[in-house]
Amino acid sequence: MKPPRPSLERERALWAQGGMLVAGVDEAGRGPLAGPVVAAAVVLPAFSTPIRGLRDSKILTPAIRTRLAVVVRARAVAVSVGAASVREIDRLNIRRATILAMRRALARLPVRPAHVLVDGLPCPELGWVHEAIIDGDASCVSIAAASVIAKTVRDRLMERLAPRYPLYAWESNKGYGTPEHLDALTAFGHSVHHRMSFAPVVQLAFF
């Protein structure tokens, strides 16, 4: 069964109402044991056509994600990225840190969107009037585009960190709790880039 193809149905409805600037927002990195959480905001041109091959970033190969990220940046009116650090994740919790990253991404847009579409559940702390769409990264083009940008940026950050912390194999697992990553935590303890508020890190690093 083929995965669902994101559509522009919601964007077209908003464009038809006169809201020419619609931002899709999504994040990458809620689940890993290490590294920041990254969010992206993408504004596509009003009445644009779907981007061929665009899907939820989680089901795309790294090579296809990288290619699509280039296409998104070329097609979009505006693209911006925000992040929350490991320290902020541990201080705020991952939900609040994710919303902080989204707020930063929206604040960095060079244009002010009339409408904001967010993947998942409503975020009262976002500070922007928005519409939350469950599984938006699989059903909404703007959110899927933001998903691809957030994922490729975060993956690149973890790949750059990997040579400095070779024990954890971040170049392949991107900070997620793979068996090799968990084994390294057990054997060598945590790094400054691990999320100490995440139970597996605490349990494996100290016991």
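Predicted model: local features only at pLDDT ≥ 70, side-chain atom pairs only at ≥ 80, totals over all residues.
Me: How do you know that the number of disulfides here is zero?
Reply: A disulfide needs two cysteine sulfur atoms within 2.5 Å, and by this rule the count comes to zero. The sulfur of Cys-123 has its closest cysteine sulfur in Cys-140, at 14 Å, which is too far for a bond. Cys-140 is likewise in no disulfide, the nearest cysteine sulfur being that of Cys-123, 14 Å away.

Me: What makes Cys-123 count as buried, and what makes Cys-140 count as buried?
Reply: The word buried is kept for residues under 20% relative accessible area. Cys-123 has a relative accessibility of 8% and therefore counts as buried, and Cys-140, with 3%, also counts as buried.

Me: Why are strands E3 and E5 said to stand at the edges of the sheet?
Reply: The sheet is an open one of five strands, in the order E3-E2-E1-E4-E5, and its pairing is mixed. Strand E3 (78-84) and strand E5 (131-133) each have a single partner strand, so one side of each is left without a neighbour in the sheet. On average, neighbouring strands of this sheet are turned by 20° against each other, when direction is ignored.

Me: How do you know that E2 and E3 pair?
Reply: Pairing requires at least two bridges between two strands, and strand E2 (residues 37-43) is joined to E3 by seven, with the two strands running antiparallel. Within this pairing, Ala-41 stands opposite Ser-80 of E3, while Val-38 has Ala-83 of E3 as its bridge partner.

Me: Which residues make up the covered face of E3, and which the uncovered one?
Reply: The covered face consists of Ala-78, Ser-80, Gly-82 and Ala-84, whereas Val-79, Val-81 and Ala-83 make up the uncovered one. In a regular strand, side chains alternate between the two faces of the sheet.

Me: Where does helix H4 lie, and what places Ala-101 among the buried residues?
Reply: Helix H4 (residues 94-107) lies across strand E1 (22-28), E2, E3 and strand E4 (115-119), and runs at about 150° to E3. Ala-101 is a residue of this helix, and its relative accessible area of 0% is under the 20% limit, so it is buried. Not counting residues up to four places away in sequence, Ala-101 touches Val-37, Ala-39, Gly-82, Ala-83 and Ala-84. From Ala-101 to Ser-85 there are 16 residues in sequence and 8.9 Å in space, C-alpha to C-alpha.

Me: What is the phi of Phe-47, and what is the phi of Lys-174?
Reply: Phe-47 has a positive phi of about 60° although it is not a glycine, and Lys-174, again not a glycine, has a positive phi of about 55°. Most residues other than glycine have a negative phi.

Me: How do you know whether Phe-47 is buried or exposed, and whether Lys-174 is buried or exposed?
Reply: Phe-47, in the loop between E2 and H2, has a relative accessible area of 53%, which is over the 50% limit, so it is exposed. Lys-174, in the loop between helix H7 (170-173) and helix H8 (179-188), has a relative accessible area of 11%, which is under 20%, so it is buried.

Me: What decides whether Arg-112 is buried or exposed, and which residues is it in contact with?
Reply: Arg-112 is found in the loop between H4 and E4, and its relative accessible area of 63% is over 50%, so it is exposed. Leaving aside neighbours within four places in sequence, Arg-112 is in contact with Leu-21 and Trp-128. Between Arg-112 and Thr-186 the separation is 74 residues in sequence and 46 Å in space, C-alpha to C-alpha.

Key: Residues numbered from 1 in each chain as written. Heavy atoms only, no water. Buried < 20%, exposed > 50% of the residue type's maximum accessible area, 1.4 Å probe, protein only. Helix = DSSP H or I, 4+ residues; strand = E, 2+ residues; numbered from the N terminus. Axes fitted to C-alpha atoms, helices over the stretch in contact; angles between N-to-C directions. Contact = heavy atoms within 4.5 Å.
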